[in-house]
Structures are given as structure tokens and as C-alpha cells.
Amino acid sequence: MLDEIARQLDALLPSLEEELKRAKSTSDLEKIRVGYLGRKGKLTAILKSFATLDPSERPSAGKMVNDAKDRLLSVITQKAEEFRKDEFASRLAQETLDITLPGAALIPGHPHPISKVLGEIEEIFTSMGFVSEEGPDIEDDYHNFEALNTPPEHPARDLHDTFYVEGGLLLRTHTSPVQIRVMKRQKPPLAIIASGKVYRVDLDISHSPMFVQVEGLMVGEDITFGDLKGVIEAFVHQIFSKEVAVRFRPHFFPFTEPSAEVDIRCVLCGGAGCRVCKMSGWLEIMGCGMVHPAVFEIVGYPTERVTGFAFGMGVERITMLKYGINDIRLFYENDLRFLKQFS
Ligand code: DAH
């Protein structure tokens, strides 16, 4: 009986080796392993015949089975190791990188056209000695209107379609309130610019509910309209070009007296008249004037000694004229075909 078991056990290895030759993958191998060593496998079947053995034969039969199992396991493990190596090698081959291929180009970003032009405007004024100041986007009625000599019911308020927010506050309709904030905390003489977002209920080809302004203010003794003209002309010649003519046209703002709007010779038609300048040959680029004494009184400046000028411009407008852009909405649509032209 023991001989019979030994014979069966000896037959297992060659037949296993034969099957292993045909195995093509780890999963084939696993099936083969189960066929020999699994619960219903060939080795287990031999174990079951132990029931017919004489108890004295069982220990040596057990040892034979264990030895056979070790031999089977060792060839299976060896085969598994071969598969593992092959599979690893083929994965490596698949994942090979061609390091001679050109790399993916890094596309560097660049400032938005509005940021770019705003930077240029700030640079021009700071190089003349103006200092940059800031104020909040959410303002109160006092700073945005009242202290700028624009009391409730004042008709100038109609020009500003204001966004109101909770708590009696509003989104500033211009950067002029920064003038008030600066003058309230600082004594003259001073020369500041203040840039930032402003908000109005407005949307069309040349108006956006949010846009960017730059405010300027210079206060001291003997500041005249001549100084205002000099500063603005110097600015225009730097931001556009030396050849561009500038004119001051009387206008009205509640917080300046006298007030003016600044026009430049149409940069698109040279003054001959075109659609952009509405055949006038001139383009309006900012508002300005001499600070109204009522404003000085509100901030507590001595009106008999100090004078000053102020101006305010829209950065989108300047950018549109500088680059011949005809629709303000292009600035906010983030169309890369548009933005890439300013790199
Ligand atoms: N705040 C005005 C506006 O938004 C622009 C302006 C005009 C600002 C005259 C000034 C100024 O400082 O003096 O329309």
C-alpha cells in the first residue's frame, strides 16, 4: 500500500512539470497549483487514501506526502518567479520613455492687459512723485458722495447707477472717496494716486459693471490749474505718445471747481474724424479739476492757504484707445486668443 502511494506521489512531479510547460501566465499557473495542492487537488486525493493504511504506516506516508508537496511547491514557486520577472520586464519595456522626444513646452503666463496698462499708469505718476494709496471697494454714502460735495438729491448722483449693499453701504462708484480718506488722515502738502475697482449698474460695449479707475490728487500751497495741465500732458505723452495733442474742455463735477474733461487727439484717425471719436477728432480720457473749497472744508484743510487738483480716469478706456480695442467686454471674457496678444 505504501509503495502504491509512493508511486502515485512520484508521478505527480513529472505531470506537473509537463503542465507547467504549457502555462502562459500567472493565472494559468494558479489554476495548475490548485489542481495539485488545492482542496480538491491531486495531492489531497492521495492523502484521502490514507484511511486504508495501517496506522503504523501513516507516519512514513505522511512524510512522503510532505516531501512531495515541498517538491511540487518548489517548482511552482520557481515558475511563478519566472513569470514575475517576465511580466516586470515587459512592463518596463512598455513604460520606456523616449528621452530624446521634445518636452512639453511650458507656456508662461503674463499680466492681463488692464494690469499691464495700470502698471504703466502708476509708474508714470509715481515717477513724478505721486504716492500710491488705497481705499475700500465697499464704501459708505459719506465718502462716496456726501464728502465729495454730492449731497442726497444732488443731480450728479443720477450719473452713478449705484450698487447698494446691506447696512446702508455701497460699492464705490469711483475712486474719488480715497481722496477724502487720505486728506482726513494726512496734512498737506500731498500728491497721491489711488487705483482700484469701481462699480456701476451699467453694461454695454463700452461700459462694464466693474471697471478700474486711477484717481490722482495733489494738494499744497500755490497748486494751480497750470500744474494740473502740466502733469496731465506729461502723462498723456508718456502713456500714448509725444505727438498726441491734449485739450481741456470745461465740464462739471461736484467736487472740483473749475472742472474739465481731458481730450486727446483721436489716436485712431489722427483727428480727421472716425467712428471711434464720433467724427469729432477728439477722445475723452479723464475728468479733472481744482479741488472744490467745500471738499477742503469737509476734510478740515485751511481753504485760504491750500489749493489742489484732482483727476480720475478709467483704465479700460485708456487701454482700449491705446490698443484699438472696440469692446470693453473682451477684457473680462478670458478668451486666450485676445489675451495672448498682450504677452
Ligand atoms: N470721479 C469721477 C468719475 O468717476 C472722475 C473724476 C473727475 C475724478 C474729476 C476726479 C476729478 O478726481 O477731479 O466720473
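Some ground rules come first. Residues are numbered from 1 along each chain as its sequence is written, and side-chain values use heavy atoms, with hydrogens and water left out. Since the model is predicted, local features need pLDDT of at least 70 and side-chain atom pairs count only at pLDDT 80 or more, while totals for chains, interfaces and linings use all residues.

Let's begin at the ligand. Its shell is made of 15 residues, and the closest are H174, S176, R200, Q213 and E215. A residue counts as near a molecule or strand if one of its heavy atoms lies within 4 Å of it. Sorted by class, the shell has 5 nonpolar, 8 polar and 2 charged residues. In this sorting, Ala, Val, Leu, Ile, Met, Phe, Trp, Tyr, Cys and Pro are nonpolar, Asp, Glu, Lys and Arg are charged, and the others, Gly among them, are polar.

Which atoms of the protein reach the ligand? A polar side-chain atom of H174 sits 2.8 Å from one of the ligand's nitrogen atoms. On its own the ligand would expose 360 Å², and the protein buries 92% of that. Such areas come from the Shrake-Rupley method with a 1.4 Å probe; for residues, only the protein chains shown count as cover. Three elements, β6 (210-220), β9 (282-291) and β10 (307-314), are the ones that give two or more residues to the shell. Helices (H or I, at least four residues) and strands (E, at least two) are DSSP runs, numbered from the N terminus.

Now for the strands. Strands of a sheet pair through backbone hydrogen bonds, either parallel or antiparallel. Here, two strands pair if DSSP finds at least two bridges between them.

Next, follow β7 (residues 246-253) into β8 (residues 256-265). The two are joined by a hairpin through 2 residues, and they pair in the antiparallel sense over 7 bridges. Opposite P250 you will find A260 in β8. β8 also runs antiparallel to β9, with 8 bridges joining them, and R265 has W282 in β9 as its bridge partner.

How much of β8 is covered? Of its 10 residues, 7 are buried, so the strand is mostly covered. Buried means under 20% relative accessible area, exposed means over 50%, and partly exposed is in between (1.4 Å probe, protein chains only). D263 is a residue of β8, and it is buried at a relative accessible area of 2%. Its side chain makes a polar contact of 2.7 Å with the side chain of R249. A polar contact is a pair of N or O atoms within 3.5 Å; within protein, one must be able to donate a hydrogen and the other to accept it, and residues adjacent in sequence count only if both atoms are side-chain atoms.

What about disulfides, meaning pairs of cysteine sulfur atoms within 2.5 Å? The structure holds 0 of them. C274 shows why: the closest cysteine sulfur, in C266, is 3.7 Å from its own, too far for a bond. C274 is buried, at 16% relative accessibility. For C288, the nearest cysteine sulfur is that of C266, 20 Å away, and C288 is buried as well, with a relative accessible area of 2%.

Most residues other than glycine have a negative phi, and most peptide bonds are trans. Yet P188 and P189 are joined by a cis peptide bond with omega of about 5°; P189 is in the loop between α7 (177-185) and β5 (190-199). Another cis bond joins E257 and P258, with omega about -5°, and P258 belongs to β8. E153 has a positive phi, near 75°. E153 lies in the loop between α6 (141-144) and β3 and is exposed, at 77% relative accessibility. N334 also has a positive phi, of about 55°, and its place is in the loop between α10 (315-323) and α11 (336-339).

Note on methods
A disulfide is a pair of cysteine sulfur atoms within 2.5 Å.
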